[in-house]
Amino acid sequence: MGSIEHMEAAGTVRIVSRRMVRPSSGGGTPPSEVIHLTPWDLRLLTIDHIQKGILLPKPPVGGKRLVGALASSLERALDRYCHFAGRLAVEELGDGTVTVALRCTGEGAELVHASAPGLAVADLVGSMYTPSPVVWDLFSLNGVLDADAAIESLPVLSAQVTELADGVFVAVSMNHSVGDGTSFWEFFNAWSEIHRHRADVNVNGLNKMKMVSTPAPVLARWFVETSPVPIPLPFSKLQHVLRRFELPPVREGFFTFSAASVKKLKARANGEMAGVATAPISSLQALLAHLWRAVCRARRLAPGQETFYAVIIGCRGRVRGIPPGYVGNAVVPGRAVCAAGEVQEKGLGWTAWQLNRAVVSFDEAALRAFLERWVREPTFAFTGDLSSAAGGAGLETGSSPRFDVFGNDFGWGRPVGVRSGLGDKTDGKATVFEGPERGGSMSLEVCLAPAALERLVADHEFMDAVTLPARV
């Protein structure tokens, strides 16, 4: 495996073709349907798209045949998730406010076919260090903020299929204002499942809508009872809410933890807090505490330096009225704050307990009050928030180890890896995935300042829990 510079030269990604894939005539919502966005959706208009992709073995066919078949299964997936073939639309009301809605126009999702014959599977997953510029080229819509889709009438979903020397990378970029990680992976799961069973659909005439095991999508958005619909935003033009940041350079590391390793961390954390913690510490909380402590060391934070960890709390199952299959955003941030010295001195269990308390303190009444207040005083998420907060001493984790990543078998073998794109890559961002062995294993994709990441990789206490990359 060569250097990143060598991979950038040898692994040049060439775009072969682009097309718009529309739902077939047999399914979907009438084109006239308009989906009004909630505060959860609207506050994300200012950030990058969700960009995740899976690395698959080399398929039995390639080129136009492969991409044609994937386009056909994508069309069927869009029958089910027709809103992903729509467009965001902004309306200027003439009174200093605008509204933004998702119109189910059926104009299509983008499918990009690309080729990188000089790039091998091992180049992408054979090291703990991610060759970031190479991986980012495997995604479409790089640098596009969610609101850009409304301003420029861009697709809200774009997939890129890149043929490698010995595999294929299937990447999806989804506008975050139209859905969260749950929506993203349920769509990805549906697409792969439809493609895997396409022969049965074609030969035996099976009902393609019944071939999908993910919950039926619920497109209608959930609003608090007092909310206006649509919600007016206090800007004469949508462009006025956007900010574009020049972020400091980061380097990415990808760390996998076996189920046994995660179980050991969880047992240690709960053992240290026996009789103190009022709720059991979860596997994820223990793993993130392990990371938090190591990053504080890698950043060489002073004992009195304030540090925080922001985690995403899912509202499905926690908030009354949000149905199974809800495809809008339904997450809120939780935050644990303490001094770096406490993180080091008080141990893994205490640090995990701070994350545990941030999650269990979730309060539906406070959430509803926040949503009501947001309509009057809207606030937005920005990519630069994490690196500027607490003097750059924060961490943030999105996604979930519960998302089905390695079940995305398109019919020629399960994924051998997962990576994310350029979107929101800032110092302190850590994305969690289920691990390749599944069954409780987890992976963390960690973005840090280059020197801090090198120190993290050299940290024996942290690395003792990590499974080194296997030969591919």
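Sheets, helices and one threonine

Me: How do β14 and β15 run, and how many bridges join them?
Reply: Strand β14 (residues 429-434) and strand β15 (residues 442-448) run antiparallel and are joined by five bridges. Strands pair if DSSP finds at least two bridges between them. Strands here are DSSP runs of E, at least two residues, and helices are runs of H or I, at least four, numbered from the N terminus. This is a predicted model, where local features need pLDDT of at least 70, side-chain atom pairs count only at pLDDT 80 or more, and totals for chains, interfaces and linings use all residues. Residues are numbered from 1 along each chain as its sequence is written, and side-chain values use heavy atoms, with hydrogens and water left out.

Me: What stands opposite T431?
Reply: E445 in β15.

Me: Which sheet has β14 and β15 in it, and in what order?
Reply: An open sheet of six strands with mixed pairing, ordered β9-β15-β14-β12-β10-β11. β9 (251-257) and β11 (331-339) each have a single partner strand, so one side of each lacks a neighbour in the sheet.

Me: And where does β3 sit?
Reply: In an open sheet, also with mixed pairing, whose six strands follow the order β1-β6-β7-β8-β3-β13. Its edge strands are β1 (14-21) and β13 (417-420), each pairing on one side only.

Me: How does β3 pair with β8?
Reply: β3 (residues 50-57) is antiparallel to β8 (residues 167-174), over eight bridges. Q51 has S173 in β8 as its bridge partner.

Me: Which helix lies across β3?
Reply: α7 (residues 181-196), which also lies across β7 (157-164), β8 and β13 and runs at about 30° to β3. Axes are lines fitted to C-alpha atoms, for helices over the stretch in contact, and angles run from 0 to 180 degrees between N-to-C directions.

Me: Switching to helices. At what angle do α9 and α12 pack?
Reply: Helix α9 (residues 259-272) and helix α12 (residues 347-360) pack at about 90°, axes 7 Å apart. On the α9 side the residues are L265, R268, A269 and E272, which meet G347, L348, G349, W350 and A352 in α12. Contact means heavy atoms within 4.5 Å.

Me: Last one, T162. Buried or exposed?
Reply: Buried, at 0% relative accessibility; the cut-offs are under 20% relative accessible area for buried, over 50% for exposed and partly exposed in between (1.4 Å probe, protein chains only). T162 lies in strand β7.

Me: What does T162 touch beyond its neighbours within four places in sequence?
Reply: V13, A114, S115, A116, L138, G167, V168 and F169.
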